[in-house]
Amino acid sequence: MNHIDFIASSAASAVKALYGTEPGPGLIQVQPTRKEFEGDVTLVVFPLLKTSRKAPEATAQEIGLWLKDNVAQIESYNIVKGFLNIKLSGSYWAEVLSALASNPEYGQLPPTGKTVMVEFSSPNTNKPLHLGHIRNNLLGWSISQLLKACGHNVMRVNLVNDRGIHICKSMLAWLKCGNGITPESSGMKGDHLVGDFYVKFNDLFKAEVKELVAGGMSEDDAEKNAPILKEAQAMLVKWEQGDPEVVELWRTMNGWVYDGFDRTYRSLGISFDRTYYESQTYKGGKALVEDGLSRGIFFRAEDGSVWCDLTGDGLDRKLLLRGDGTSVYMTQDLGTARQRFEEYNLDEMIYVVGNEQNYHFQVLKLILGKLGFGWADSIYHMSYGMVELPEGKMKSREGTVVDADDLVVKMYNTAKETSLELGKLDGMSESEQDSLFRMLSMGAMKYFILKVDPKKTMLFDPKESIDFNGNTGPFIQYTHARIQSILRKAEGLEKVAGKAELLPKEESVIALLASYPEKVREAGAAHSPALIANFAYDLAKEFNQYYHDTQIIREEDAAVRSQRLVLSETVARTLRHAMNILGIELPDRM
RNA sequence: GGUUCCAUAGCUCAACUGGAUAGAGCAACAGAUUUCUAAUCUGUAGGUUCAGGGUUCGAGUCCCUGUGGAAUCACCA
């Protein structure tokens with residue numbers, strides 16, 4: 001039990017003893033005391049006035065007095081308006097510190113037995129990954145780390161969109177002007193190579209449209225009838241028929257892309273437990289729709305297409321099967337959702353997908369609910385906002401798309417430059433330096449993106465993202481490196497808490513540490529890694545202030561020094577745990 | 001037009017789910033280094049929380065109305 005819960009339950013006892021009634025849920029409101037006031041924990045008494053039938057100050061006074069008399073760990077209290085500020089004793093905090101320090105898994109919540117699947121990344125195989133995918137990947141990775149910390153079994157999955165007209169476009173352009181080029185022959189990363197042919201297709205397409213328009217065709221008609229587009233569509237039909245040549249080319253080029261993606265994933269430090277491919281799942285879901293049709297949940301239009309009427313829910317009608325009987329995106333998702341819930345007996349299914357698909361997931365849940373699946377409510381769309389640049393949205397036409405691999409390299413170079421400038425890496429080998437620069441650059445980038453509330457549109461300013469001072473990943477990494485440096489020098493010294501008095505600043509650091517498991521639970525419930533990022537920053541900042549004007553190793557009193565070492569070590573361990581949730585590693589030196 | 005989301009310091013973001021005098025970082029200015037790592041710390045300045053109403057002991061947070069912005073409403077995925 002942390003200090004907040006401890007005071008809450010003590011306050012509940014006080015109310016019962018003083019007023020004879022058990023306080024109802026929500027009436028005991030306890031929060032950390034704000035810095036301006038004296039105390040550790042604050043009880044808000046306003047909700048209790050109906051029970052006490054007294055003025056706020058008088059109620060606070062009575063409860064404060066009772067607590068001081070009956071709870072040994074409470075040292076003093078003061079009252080400001082309707083707020084009862086309670087100060088816990090130094091020995092209480094010392095005990096808390098000892099307990100935290102002795103738990104190597106601190107921050108890991110007990111197993112819940114629940115299984116959660118997180119789907120994220122889900123790229124198309126016609127373009128390399130860009131900044132938007134990075135936000136997706138980082139969110140997906142960190143939400144799954146977070147849920148693991150909450151005690152759930154977590155399964156990370158990727159659903160690769162490996163089929164469709166866009167893939168055929170790249171293939172066609174490669175056939176027309178690739179001259180047999182491969183990643184090996186060109187030295188290019190496969191996803192970039194294929195992406196270039198996708199761009200090439202669009203160039204050829206535009207040229208044809210222009211020519212047709214010049215010949216007197218309307219722009220709309222020209223865009224629909226450009227020969228190269230017709231060719232791509234014909235290729236898609238061949239692919240669906242299993243034409244050996246087309247399928248072979250498709251396999252080869254997708255293989256190039258997967259190699260490229262793997263490298264990007266590795267540089268971001270993410271991986272999956274299972275990868276699904278749309279080419280294998282896109283036909284699923286039809287049976288589900290047929291079933292709904294026979295039960296009168298869906299209806300068939302005159303042309304044979306199947307729909308779900310959602311006008312009663314304030315939405316539109318949604319197509320589920322085309323007139324020719326083929327399925328659409330929604331059909332597939334209905335099918336895969338059911339397959340996954342049944343195969344893995346999921347308690348929750350999280351889709352990390354951009355907010356441009358809010359409507360899709362709203363409809364998905366509604367339809368599954370109409371089909372009678374109780375687990376429809378266990379679907380959570382982790383919807384995140386776009387990443388914009390200082391000059392506005394990323395536009396591929398204007399060439400402002402920030403490529404994931406380029407960004408990773410740029411961040412690495414900046415980390416390297418900054419580190420070498422500071423010149424603290426004497427005696428570090430090349431490979432150690434390399435891994436440090438990776439840690440720092442990815443730490444900066446990941447923290448920059450993850451500290452923002454997922455659902456908000458965020459601005460990515462390249463200049464600001466490479467700033468390593470202030471509220472940044474490297475700030476937290478630096479705090480850790482300094483602690484590790486102390487601990488190295490303290491090797492052989494005793495580390496025990498509870499044998500010495502604590503400074504006020506030490507108590508507030510311990511209070512922060514003590515609130516960590518609750519923060520993990522809260523962040524998990526809110527599906528928000530940003531809460532963990534903010535916690536880590538607060539803890540690092542609090543420790544830095546403490547570190548600045550307190551001696552640790554140089555402290556002469558052995559009991560005090562020993563306790564400070566325990567505190568430092570526990571802060572370092574908690575920072576590692578929190579940052580690991582974000583997918584950020586902390587160096588021992590920097 | 002329907003649905004959903006967003007709006008807080010010059011800029012980027014917080015605010016414990018309704019609590020005290022709305023906090024950090026960046027940028028600006030003034031300081032701290034014979035030091036356990038200055039990628040740090042201290043201070044100054046910066047606000048009608050988009051506007052107006054409502055709910056109550058109490059609203060950045062909840063409910064209306066409006067303004068501004070974003071996404072979406074395909075026989076694309």
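The model is predicted, so local features need pLDDT of at least 70 and side-chain atom pairs count only at pLDDT 80 or more, while totals for chains, interfaces and linings use all residues. Residues are numbered from 1 along each chain as its sequence is written, chains are lettered from A and ligands numbered from 1 in the order in which they are written, and side-chain values use heavy atoms, leaving out hydrogens and water.

I begin with the rings. The structure holds 21 aromatic pairs; rings of Phe, Tyr and Trp (its six-membered ring) pair if their centres lie within 6.5 Å, with planes under 30 degrees apart counted as stacked, over 60 as edge-to-face and the rest as tilted. Phe261 and Tyr265 have ring centres 6.4 Å apart and planes at 55°, so this pair is tilted. Both residues belong to helix α11 (residues 244–268), four residues apart, and about one helical turn separates them; helices are DSSP runs of H or I, at least four residues, numbered from the N terminus. Phe261 is buried, at 2% relative accessibility, and Tyr265 is buried at 7%. Buried means under 20% relative accessible area, exposed over 50%, and partly exposed in between, with a 1.4 Å probe and protein chains only.

Ring pairs also link Phe261 and Tyr265 with Phe120 and Phe272 into a cluster.

I turn now to the glutamine. Gln433 lies in helix α17 (residues 430–450) and is buried, with a relative accessible area of 16%. Beyond its neighbours within four places in sequence, Gln433 is in contact (heavy atoms within 4.5 Å) with Leu420, Leu425 and Met428.

Key: Helices (H or I, at least four residues) and strands (E, at least two) are DSSP runs, numbered from the N terminus.
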